[in-house]
Amino acid sequence: MRRRPVFLITVMCFGFAFFYIPILSMMVYSFNGSRLATVWGGFSTKWYVSLLSNKQVGAALLLSLKIAVTSATAATILGTMAGITLARFRRFKGRTLFSGLVTAPLIMPEVITGISSLMLFILMAKFLGWPSSRGFATVTLAHITFSMVFVTTIIQSRMLQADRAIEEAAMDLGSKPWAVLFDVTLPVIFPAILSGWLLAFTISLDDVVITSFTTGPGNTTLPLLIWSKVKLGVTPDINALATLTVLVVGVGVALAGYLLNRSEKRRDADARLAYRDND
Amino acid sequence: MRNRIAHWLQGRGYRGVIIGLPYLWLLLFFFIPFCLVLAISFGSRTPTAPPFGYGGEHPWISFVGYARLFQDDLYLRAFLVSLSNAATATVLCLLLGYPMSLALTRVSASWRNILLMLVILPFWTSFLLRVYAWMGLMGKNSWFNGLLTDAYNLLTPASWAITSVPMMHSNFAVVLVMVYTYLPFMILPLYANLERLDPVLDEAAMDLGSRPFRVFLDVTLPQSIPGIIAGAMLVFIPAAGELVIPTLVGDASSPMIGRVIADEFSSASDWPMAASVAIVLLLLMVGPMMLYTHYQGRAEAGEEP
């Protein structure tokens, strides 16, 4: 029997306290009655009331969600194609450049991605006449570009684990490539596609830097609204907003984990049944 | 005509579409913008819109942006501050993240799933709000600052007494928040690496009489070097170019390089200067990026370096 690793467990407890104390503190202070955000002044829910009655917040959230859903969907389609490309097409012209293009946005500093996208949009506006103003379209284009590569890494590693024999069997039985893709490949990697979409969605919903460069006046997303407020200092209604975010995300992640787990279990059970019937 | 397109799509077109669409997209919206930055970095500033141009005389291009990098010590200082803050944050993440990852491999499977969830959960909440959480804790009147102030006053002579710890708007604050927000990037690749190590080697070393700490130094640590490097680069690269954290909690009088790029671009509207700084930052990151791509695969496979 091994010794209990006391030191490791102690550090781990410290680490988790470090992770969660700031978040818990923020949640507690969202119920603070005082206007001074860091001094306790009795229990109150007035910051939630002021937050929920703020029309700006609602409009910003709506714009953020629209951008996130659109860009995550497009990023998932493009990212899945790129992932399949890297996992299945070993040799084609320009593969080295392609894999470089897929890795580079992952590690490119966000400021540079943001500025270079903005430079592109400004030059396009000057020489092509589009986009005449920046907002939903430009932010969505930029978000698709830098979130699709995250989808690609997920899909690529899933495709490398997947059994190629099923695809080859379908091909041998006379299926056309597109039929194999839609009937075999995509259903097999569906959980990976789903987690790719979720990742792209949260990346888009969370982004400040790239959005701040690619948006124009009047098109404020929720992170940009928070950013402009937080730059001026700590305000109590942001505490309330943060608490709601943590709750929504916590419930969402728990639910997604539960559903993924259940569908995996069901698939395993189905697979076992299928094997038994064949015996 | 229509038939021929359908025929092409069913045959060679399949590959063409699957490879071509994402390729075209990345070329258009990532590669071309990058080339623009590179081209603009050799331009010179003009009062036109967009604010850059190329001189009329030979050799058309200008190196003014790059030359100013070495003349004005604002830029060199910003690079130094960025690299030292990022390096400090990386080392601290490693010191905290390594024992945590190792502990995760030692707890029971059911605990491990919950704890891994707890490591990943902050990822899904807003980055901005996690930075903001520390603004609340570090502020002058917060309970956390009060606690630190009391502890300091208790341990030092009365003549050194302070009313609050000046944490906000310093490099200390930047490093602290970087460690906070980037720690999961260190833990996840390290854990993936450590989890794949064969415990039999540890046990063999123990049976041969090594003490636990020696086993760690001689057996575990050397095998986890790919994980350490992958995690360290995953923290160091984004930390060096960070914009949000230094803007919110950093010292405005010694800005980090991300802030300098954004300011040159937006406030000064000096595109060639912003582009030159960006290109130099990218050049500095090429080494760490190559290290990362080299070791990342090995960390996941649990191979030896």
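Trainee: How many helices and strands are there in chain B?

Mentor: In this predicted model, chain B holds 14 helices and two strands.

Trainee: And what makes up the secondary structure of chain A?

Mentor: Chain A comes to 12 helices and zero strands.

Trainee: Why is chain A called more spread out than a compact globule?

Mentor: Set the value against the rule: for 279 residues the globule rule gives 19 Å, while the radius of gyration of chain A is 24 Å, well over that figure, so chain A is more spread out than a compact globule. Its C-alpha trace spans about 70 × 70 × 35 Å along the principal axes.

Trainee: What is the radius of gyration of chain B, and what would a compact globule of 305 residues have?

Mentor: Chain B has 25 Å, whereas a compact globule of 305 residues would have a value near 19 Å.

Trainee: Nice. Now, why does A:Phe150 count as partly exposed?

Mentor: Good one to work through! A:Phe150 has 18 C-beta neighbours inside 10 Å. A buried residue needs 20 or more, and an exposed one has 12 or fewer. The count of 18 falls in between, so A:Phe150 is partly exposed.

Trainee: Where is A:Phe150 found, and which residues does it touch?

Mentor: A:Phe150 sits in helix 6 of chain A, residues 136–161. Leaving aside residues up to four places away in sequence, A:Phe150 touches A:Leu199, A:Ala200 and A:Ile203.

Trainee: What share of each chain counts as buried?

Mentor: For chain A, 40% of the 279 residues are buried; for chain B, 41% of the 305 residues are.

Key:
Residues numbered from 1 in each chain as written. Chains lettered and ligands numbered in written order. Predicted model: local features only at pLDDT ≥ 70, side-chain atom pairs only at ≥ 80, totals over all residues. Helix = DSSP H or I, 4+ residues; strand = E, 2+ residues; numbered from the N terminus. Rg over C-alpha atoms; globule rule 2.2 N^0.38 Å. Contact = placed C-beta atoms within 7 Å.
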